[in-house]
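User: I am new to this structure and would be grateful for a close look at a single part of it. Please begin with the surroundings of one residue and then widen the view.

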Amino acid sequence: MFLLEVNPLVLPDIGLVFWNTIAFLVLLIVLGKFAWKPMLKAISERESGIEEALLRADKMKAEIAAMQNENEALLAKAREERAGMIKDAKETADKMVSEAKDKAKQEYDRIISDAQLAITQQKNAALTDVKNQVGSLVVEVAEKILRKELSNKAEQESYIKQIAEGVKLN
Amino acid sequence: MASRTIKSLLVLCLSLFSMAFSGNVFANEKAAQTEHSNPAAANEPAAHEPEAFNVTETILDHIKDDHSWHLWGHTSLPLPVILYTPKGFEVFSSAKFMDEHHEEIVYKGNYDYKIIEGKVKIVKLVDATEVVDVEASKALWDFSITKNVASLFVSVLILLLVLLTAARAYKKTGITSAPKGVQSFMEPIVLFVRDEVAIPNIGKKKFAKYMPFLLTIFFLVLVNNFLGLVPFFPGGANVSGNIAFTMTLAVCVFVVVNLSANKNYWEHIFWMPGMHWSMKLFLAPIELIGVFTKPISLMIRLFANITAGHILVLSLICLIFIFKTVYASAIAVPFAVFIGMIELLVAFLQAYIFTMLSAMYIGMATEEHHHEAHDHDGHKNVAHH
């Protein structure tokens with residue numbers, strides 16, 4: 001008590017306590033309603049908005065990465081397919097070419113053989129024809145010669161005799 | 001931390017000095033008062049004689065509350081005096097306590113009032129001398145708008161103006177745009193109180209309810225600390241270094257803490273769990289005292305820190321008058337500026353500490369199942385790592 005009596009600094013005045021209480025309550029109510037509440041609400045809303053946006057961005061990033069992976073996989077697959085297709089096409093082409101070659105060769109062979117056959121046939125026919133003509137020519141010539149030689153009777157008979165002698169009756 | 005330690009040491013020394021001298025001073029003052037009060041003596045030209053410079057009186061005069069707001073020289077802003085006596089309310093200007101020669105005079109209202117040692121007292125004439133009527137003065141309630149009250153109102157106006165402007169910006173610009181102007185200045189402080197003071201001490205679940213209270217306390221203390229550092233009008237009042245101001249806030253904290261206290265808190269005070277019954281009996285009164293010492297420590301810490309800062313600065317300036325040479329200012333002024341810088345830090349620090357301790361007390365009062373919660377957390381942590 002002595003200290004309180006002595007030092008006016010540690011002796012609270014009722015007036016200041018009274019006005020201070022009023023001032024504090026007014027501040028608490030007015031600021032609480034019109035300053036702190038909207039401020040804190042806006043801040044927390046903004047924070048949650050930022051958090052959401054960040055989460056969304058992360059999600060998008062993951063999605064984009066997944067899409068990229070997918071694209072790459074697709075591309076690789078497409079490349080593979082293309083390579084396969086090219087290979088197949090090459091094979092088919094090669095096959096077709098070789099087949100064509102084979103076929104051409106066969107045809108060629110066939111044509112050659114046909115031609116040879118035809119040539120042989122024609123040659124034979126020609127030969128036969130020549131032979132026939134030569135035969136008939138020979139016969140004609142022989143006839144003509146014979147007619148001329150056998151125009152007299154004596155000669156005819158000598159000749160027959162000659163032939164007859166040639167024929168042996170055994 | 002180092003500066004705080006040094007400061008508290010200085011504060012201690014100075015408080016001891018002021019304590020030691022105060023008794024002496026008041027004896028002198030009383031003698032002077034009776035001399036002055038004597039009308040015959042007051043009229044004598046002795047008043048023109050240069051009075052001996054009294055450091056303690058000067059400093060205390062600057063720190064104490066006043067019924068008028070000193071502006072410059074002999075110019076003061078008179079403030080309304082509101083008195084409640086058994087004869088009812090009385091309102092008049094504090095200018096009526098001064099005559100045209102700036103001498104303190106008696107104002108005759110329902111009673112004869114006079115300002116004695118900065119406070120309104122009822123006086124009576126005994127043997128042609130005015131002395132304090134102690135019995136009558138006890139029934140006198142002084143609700144005056146003193147310098148501190150006026151300064152408090154100024155701070156309230158500043159807070160309302162600044163913070164309502166800042167809050168309006170959120171409505172105007174919405175939440176998607178970055179804060180601008182006052183808003184961008186206030187938002188980090190609000191976030192600081194939320195993230196560094198409220199959430200760590202009260203917890204994420206319950207802090208929102210106490211945010212307006214903590215923010216209001218923080219800003220009120222902060223603004224008054226800063227206004228106290230402004231040496232001229234509208235600063236210059238020592239509001240946050242006044243025990244009535246800190247007491248009011250401490251009582252508010254006390255009320256909030258104890259109203260929000262849960263069963264767990266009271267159990268820890270009156271019947272400490274996990275102790276032997278004799279220990280429980282021993283601890284209960286200590287814990288009960290703790291309930292009151294917490295707000296009292298809040299009250300004294302802020303009061304002492306701010307008052308000490310003001311005393312320091314004033315003491316340094318008073319050096320000039322003690323040595324009676326202007327050259328003393330070569331040392332006194334740089335030191336006063338240096339201490340002023342520290343005071344800026346202290347102004348913020350004390351607002352922070354007051355709010356943080358309030359939040360801590362609220363956190364302690366609302367904490368649930370202390371031991372189990374810890375155990376649970378421990379298990380969780382183990383599971384996590």
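Leaving aside its neighbours within four places in sequence, with which residues is Leu214(B) in contact?

Analyst: The model is predicted, so local features are described only at pLDDT of at least 70 and side-chain atom pairs only at pLDDT 80 or more, while totals for chains, interfaces and linings use all residues. Residues are numbered from 1 along each chain as its sequence is written, and chains are lettered from A and ligands numbered from 1 in the order in which they are written.

Beyond its neighbours within four places in sequence, Leu214(B) is in contact with Val193(B), Val197(B), Ala198(B), Thr355(B), Ser358(B) and Ala359(B). Here two residues are in contact if their C-beta atoms, placed from the backbone, lie within 7 Å.

Leu214(B) also belongs to the largest nonpolar core, which has 95 residues; Ala198(B), Leu214(B) and Phe218(B) are those with the most contacts inside this core. Such a core is a set of buried Ala, Val, Leu, Ile, Met, Phe, Trp, Tyr and Cys residues joined through C-beta atoms within 7 Å. A residue is buried if 20 or more other C-beta atoms lie within 10 Å of its own, exposed if 12 or fewer, and partly exposed in between, with C-beta atoms placed from the backbone. Helix α7 (residues 207-229) of chain B provides the largest share of the core, 14 residues. Helices (H or I, at least four residues) and strands (E, at least two) are DSSP runs, numbered from the N terminus. At least three residues of the core come from each of domain 1 (2-146) and domain 2 (149-380) of chain B, with bounds that come from an automatic or database domain assignment.

Leu229(B) lies in helix α7 of chain B as well. With 19 other C-beta atoms within 10 Å, Leu229(B) is partly exposed. Setting aside neighbours within four places in sequence, its contacts are Gly235(B), Gly340(B), Glu343(B), Leu344(B) and Ala347(B). Leu229(B) and Met341(B) are 112 residues apart in sequence, and their C-alpha atoms are 9.9 Å apart in space.

Another part of chain B shows how two helices meet. The axes of helix α5 (residues 147-173) and helix α6 (residues 181-202) of chain B come within 8 Å and cross at roughly 105°. Axes are lines fitted to C-alpha atoms, for helices over the stretch in contact, and angles run from 0 to 180 degrees between N-to-C directions. α5(B) and α6(B) are therefore roughly perpendicular to each other, a term for angles of 65 to 115 degrees, whereas those under 35 count as roughly parallel, those over 145 as roughly antiparallel and the rest as oblique. Among the residues making the contact are Leu163(B) and Tyr170(B) of α5(B) and Val182(B) and Met186(B) of α6(B). By class, this contact has seven nonpolar, three polar and no charged residues. Ala, Val, Leu, Ile, Met, Phe, Trp, Tyr, Cys and Pro count as nonpolar, Asp, Glu, Lys and Arg as charged, and the others, Gly among them, as polar.

Lys324(B) is found in the loop between α10 (277-323) and α11 (329-366) of chain B. Its phi is near 55°, a positive value in a residue other than glycine. Lys324(B) counts as exposed, with 8 C-beta neighbours inside 10 Å.

As a whole, chain B has twelve helices and nine strands, and 33% of its 385 residues count as buried.
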